[in-house]
Every structure is written in C-alpha cells, then in structure tokens.
Amino acid sequence: MKKEIKQNQTTANVSYGEAVDLVRSFLERRYQENIPLAYVHTYGCQQNVSDGEKIKGMLAEMGYGFTDDVRNANLILLNTCAVRENAEDRVLGAIGAMKHQRMRDDELVLCVCGCMVQQPHIAEKIRKSYPYVDLLFGPHVLNKLPEMLYAVLAEKRHIQNISETGEGVAEGLPVRRDQAFKAWLPIMSGCNNFCSYCIVPYVRGREKSRKSADILAEFRSLVDDGYKEITLLGQNVNSYGKGLEEDINFAKLLRMLNAVPGDFRIRFMSSHPKDATLELIDTIAACDKVCKHFHLPVQCGSDRILKLMNRGYTVADYMKLVQYAKEKIPDISFTSDIIVGFPGETEEDFEGTLQLLKEVQFDSLFSFIYSKRIGTKAASMEDPTSQEEKSERFNRLIALEKEIGAARYRNFVGKTYRILVDGPGRSGPAYYSGRNDGYMIVDYNGKPEDIGKFVTVKVTKSLNWALLGERVPDK
C-alpha cells in the first residue's frame, strides 16, 4: 500500500528541472529500453485544453510517450472541468471504470487534476470513494507535476495538492500542442467577478495577468513556428493588465501583437460585457489581424436576472456595446452564452432573452440549462421552476437560434471569405472545412494539402449551421 500525504507534503524540495531529471532517470531504470506511455484526457474549456498541452509537454520532457488507448497506458491523467455537473459526472464515471486496470497494475499511475478537484468536497469524495487515485492536484500547482509525480513513482506516496499559491502564472513550461497551425496562448488566469452561478473564481483563483513581454515573446515564437491562428485565453481577457506594474490593458496588448510581422490571425476569449470598452471595439476595428468576431457572453435578457447573477450590466448596457460595434465594424460576427432556467427565472424573464436574440441577431450561441454549483451564491437561491419547464424553454431558445442563424447565413451567399482549413468537412467526401474571420464554419470542395493553410472560398449555399462554397483559385 502507498502511504498518503496531503497538500504541500511532497518529496524533497527540488527545482522543476531537478524533478524532471529525477522522473526521467526513474523511468529509464524501470522501463529500460521501452518508452512508458501516458494517456491524457482533457475535459472542458479552452483554458483546460491549454493546461493539458502544458501537462503533455512536461510529461514528454520527463520521458513519456503518448497513447490514445487507455489500456496501453503506464500513466493515466484526467484533466477536469467544474463548470457543469454533467462534466463532473463523466469524470467520476471514468475514474470508476479504471479501478480494475489500476488494481491489476501496481506500476500504473492514475492522476486526476484540474478545476473539478480544486473543490474541497470533490477532492474529499475522490479520496474516500476512489482511494486508488495516486495523484490529485488543482490548476494552481501545475508546475509542480514533476515533483509530485516523482513522489508517487519513487516514494510510493499518494499525493493530494489543492492549495492555491500566491504566485502568478508559471512561465517557461514546455508545451506539446495538439495542432501544428492553431495555438492557445493564455494571457491571464483567474477571475474577480464572482457571478452568482459560477464556480470559476473559487477554483481558478483571483485574476493574475502575465507580463506583456512574456506574452509577446511566446506569440512571436508561435508566429515563427508557422502558427496561423493564435487564440488569447483568459477567464476574462477584458480585465487583462490589472495588477501589473506596466501601463497595459487588453486593447493595448492586441495592438502590440497585431504589429508582429507575419500571415496570421488573432482570436480571443472569453470576454465579460461589464469590462468590454469602446476602446477595445475601436482596436478590433483598427487591427487587420484581429478577427472581426466578438464572443460576448450575455447569459440572459432580463435585468432582474442579470442582477441576481451579479453580472454588473443591464440589457441596455449590452446593447450599447453591440450597436457601437456594428457601427464601427459592419461585418462583425457576434456569438454569446445563454443560461436558461437560472433560479427564479420567470416566463417574462425568459421572453426577455428571446427578445434580446431577435435584436442582436447572434451568429451562433452556446446555450445551457442552469447547473447548480456547490459553493456559489445561486446554489442557495429558491428555484421553483421544474426541469420540464426549463427544458421546454431551452428547446424554444434553440429553435429561435436556428431560425435566426438560417436567416443570417443566407445573407452570406455570394460573398468571398478567407478561411483557415481545419480538416475534412461534414458535407461530403470531397469537402474540407474551416472557419472564416467571423468564426463561421465554411465547407468547400478542397483537398488534403489545404489543411493548415488559408484558402479563399466563395459562398454558394447556406445551411443553418454552416456555409457551403467553392474555392477561388489563388492569383
């Protein structure tokens, strides 16, 4: 049996590089000529995906190869999400399914990390109900992975570390990116907003921005390596720069990155409407490499519910931003998040959301039925609306979204767009797919060598989820 330690009681106090060397030497002795394999699965948002790429970078540095078949793994790592309950249920189901494999193989290491386990009640549940999990750690100690893993491998310990450090974003971690032409680039972490339904500030901590020089250096490296689309990440990118000694904000950072030479485009997510500024919209309009797409989560169209959500803006505030953006950038694409069935939502509140959709004419939505999160203020609010009624409202929302999307997409027929090709399309065997500047899916008659390149496509047909087109020959 492995003995258990908690929180910061890891192995000897060694540097990151020393811990990497210790793990690599241990694996070389254990597996000799064979390369141990790691199975890494990430749940949740783009920030989690970015964390997963760092985890894989560290594992590769320590000597692991990778497998997509969990049955072949010497190390299994689940990188988790806490935003909705169904994501947590999937993780717990996966941990349970791995019990027999873990118990059969004493050398197998089972790790669970990320936002979900940063919640103390979840960490305790895993400790008690799934004692065969070897390593449990939160997002704040990602850079301690080599040190913690060595304690598991060499000292036969169970490690649980969900502490929140006072340090900023760890710099210099290796990254094993999932794609060769699209990259995630975190510019900050954490959130100070405490929306009443959201667990993120509790699991990701307070806002911490990276220095602009560090971001710029990583950005230039990505451009030099041939990346064509770079997405800036943060729980609230509009708050970037707060707390830094330098005179910088998100708009200034965008202008700085836009000035880097090269053929690429810049996206960003996520934004909070209360921190979105007219300066930011002016910057999007002025910067030729910043996509003319704004993902601006509104959550609902009722001032009463927005106040209960602690969002810090009204419907009128939101519409002012939308109208200003459409005036400055006539071809801008708007997408958003909507929560249906927040505690206390009435039919009148929901009708306000439907009215907002009609006024804004979003190009697409990410819509969800409210998910109760333990520890948030909304979790203790009265919620008299039945699940059946919430589902009925959700279906009405989706129907309206499809109707608006189909009408919006018909306006793009005959227009020409530059798209970055992701891979095979869904429209047929000869089709390939990418997204235009406005984040709309475009399927066209392409070829395999187009993947990872910019191509020009003329739209010939619209669907309610995508545009179809023909490639325009390069001049």
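Trainee: Leaving aside neighbours within four places in sequence, which residues is Arg210 in contact with?

Mentor: This is a predicted model, where local features need pLDDT of at least 70, side-chain atom pairs count only at pLDDT 80 or more, and totals for chains, interfaces and linings use all residues. Residues are numbered from 1 along each chain as its sequence is written, and side-chain values use heavy atoms, with hydrogens and water left out. Contact means heavy atoms within 4.5 Å. On that basis, the partners of Arg210 are Val169, Glu171, Leu185, Pro186, Ile187, Met188, Ile215, Glu218, Tyr240 and Leu244.

Trainee: Is Arg210 buried or exposed?

Mentor: Arg210 lies in the loop between strand 10 (208-209) and helix 9 (212-224); helices (H or I, at least four residues) and strands (E, at least two) are DSSP runs, numbered from the N terminus. Buried means under 20% relative accessible area, exposed over 50%, and partly exposed in between, with a 1.4 Å probe and protein chains only. Arg210 has 6% relative accessibility, so the residue counts as buried.

Trainee: How many of the 11 residues of helix 7 are buried?

Mentor: Helix 7 spans residues 145-155 and is mostly covered. What covers its buried residues includes helix 1 (16-31), helix 2 (46-62) and strand 4 (75-80). Among the buried residues are Leu145, Tyr150 and Leu153.

Trainee: Which residue of strand 20 is the bridge partner of Val442?

Mentor: Two strands pair if DSSP finds at least two bridges between them. Strand 18 (residues 441-445) and strand 20 (residues 467-471) pair in the parallel sense over three bridges. The partner of Val442 in strand 20 is Leu467.
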